[in-house]
Amino acid sequence: MKKIAFFDTKPYDKIWFDKFNDEFEIDYFEGKLTPKTCKLVRDYDGVVAFVNDDIDKTVINTMYNEKVPVLAMRCSGYNNVDMKAAQGKIRILRVPAYSPYAVAEHAMALILTLNRKIHKAYIRTRDFNFSLNRLIGFDIHGKTIGVIGTGQIGRVFIDVCRGFGANVLAYDKYPSKDSGINYVELETLFRESDIISLHCPLTKETHHIINKDSIAMMKQGVYLINTSRGSLIESQSLLDGLTSGKVGAAGLDVYEEESDLFYEDFSNIVIKDDILSILVSRPNVIITSHQAFLTEEALKGIASVTLSNLKEYFQTGTCANEITFGTTQ
Ligand code: NAD
């Protein structure tokens with residue numbers, strides 16, 4: 001039986017992996033896969049990792065030296081993997097799609113909550129405060145929503161926005177022909193959108209795509225929604241925009257410096273990240289801790305595809321969901 005080392009395990013991961021696994025001996029580690037923990041991979045046949053594991057050159061070389069040929073990411077994004085280091089040494093597999101609906105619906109949930117102040121109303125009514133002061137929102141119908149990245153999630157999100165009667169503008173480096181999507185230049189999207197939602201991957205090009213200059217182009221009071229990757233937004237510029245009122249609200253499922261914080265409980269500890277502390281304290285900011293994917297359908301999809309990726313790799317030496325193509329020992 002092949003042995004798999006599974007990192008950054010949470011109870012909700014185990015439920016579905018245990019249910020679907022009939023092939024592997026899986027050891028679940030609570031800690032993340034990092035240069036410090038990677039020695040644990042010794043004697044395993046494969047490794048499963050997630051979005052905030054730090055899979056740098058040291059991790060890749062350790063896996064290579066310990067003759068662990070395959071890393072199965074149980075997610076779609078792989079910006080946390082040193083792909084250059086992996087080439088020819090480790091085979092990297094991923095789950096290209098599990099539930100685009102989960103993330104797209106979460107993006108709309110952030111918009112609706114911020115706009116209609118549901119997070120404020122919930123707290124008020126629990127204290128029998130039934131005042132409506134400062135709870136005014138706006139109709140999404142007729143507003144312009146800018147979507148950056150029109151892949152699987154971006155497209156579902158566009159459909160959701162259209163359901164609300166919004167006018168959708170989109171930007172994608174690789175626009176999809178005959179899709180009926182109204183593509184515009186990025187600058188036009190920045191200038192004309194009432195709400196901007198990010199659905200592109202984190203790459204060198206998209207790193208800090210939302211920054212001081214792009215925010216300056218935006219409409220007064222623009223809503224910024226990020227369910228993609230934290231480093232798409234330069235956090236200090238976002239904070240400055242929120243302080244000046246240029247940015248009307250921010251819904252963040254991801255954060256630039258999330259890797260040491262998200263998925264853990266720091267409720268009794270002083271967080272040393274001042275930008276995050278200020279963002280959390282703002283009434284017009286909602287932060288969720290990288291949970292947009294967290295639906296039953298998505299968790300089932302992640303577990304079944306990750307396991308079938310590993311099965312395919314061990315049986316055939318290749319996998320349709322491989323993102324590296326090179327020989328391993
Ligand atoms: P996808 O690959 O289907 O779509 C990404 C789209 O971005 C593609 O259409 C691509 O052409 C476009 N793109 C690439 N470079 C671009 C650029 N420079 N500018 C504009 N567009 C560019 O991916 P997806 O499944 O739709 O996922 C999108 C992102 O959502 C992922 O990269 C991941 O970071 C994030 N994600 C987050 C969660 C979560 O729980 N918050 C879950 C899954 C995915």
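I count a residue as near a molecule or strand if one of its heavy atoms lies within 4 Å of it.

**Entry 1: the model**

I note that this is a predicted model, in which local features need pLDDT of at least 70 and side-chain atom pairs count only at pLDDT 80 or more, while totals for chains, interfaces and linings use all residues. Residues are numbered from 1 along each chain as its sequence is written, and side-chain values use heavy atoms, with hydrogens and water left out.

**Entry 2: the ligand**

I looked up the residues around the ligand: there are 23, of which Gln152, Ile153, Asp172, Thr227 and Asp253 come nearest. I then searched for polar contacts (pairs of N or O atoms within 3.5 Å; within protein, one must be able to donate a hydrogen and the other to accept it, and residues adjacent in sequence count only if both atoms are side-chain atoms). A backbone N or O atom of Gln152 lies 3.0 Å from an oxygen atom of the ligand. For Gly151, a backbone N or O atom is 3.3 Å from a ligand oxygen atom. A polar backbone atom of Lys173 lies 3.4 Å from a nitrogen atom of the ligand. Taken alone, the ligand exposes 870 Å², and the protein buries 86% of that; accessible areas come from the Shrake-Rupley method with a 1.4 Å probe, and for residues only the protein chains shown count as cover.

**Entry 3: aromatic rings**

I searched the whole structure for aromatic pairs and found eleven. Rings of Phe, Tyr and Trp (its six-membered ring) pair if their centres lie within 6.5 Å; planes under 30 degrees apart count as stacked, over 60 as edge-to-face and the rest as tilted. Why is the pair of Phe50 and Tyr263 tilted? The ring centres are 5.9 Å apart and the planes stand at 35°, so the pair of Phe50 and Tyr263 is tilted. Phe50 is buried at 6% relative accessible area, and Tyr263 is buried at 14% (buried means under 20%, exposed over 50%, partly exposed in between, with a 1.4 Å probe and protein chains only). Ring pairs also link Phe6, Phe17 and Tyr28 into a cluster.

**Entry 4: cysteines**

I looked for disulfides (pairs of cysteine sulfur atoms within 2.5 Å) and found zero. Cys38 is in no disulfide, and its nearest cysteine sulfur, that of Cys75, is 18 Å away. For Cys75, the closest cysteine sulfur is in Cys319, at 14 Å, too far for a bond. Cys38 is buried at 2% relative accessibility, and Cys75 is buried at 1%.
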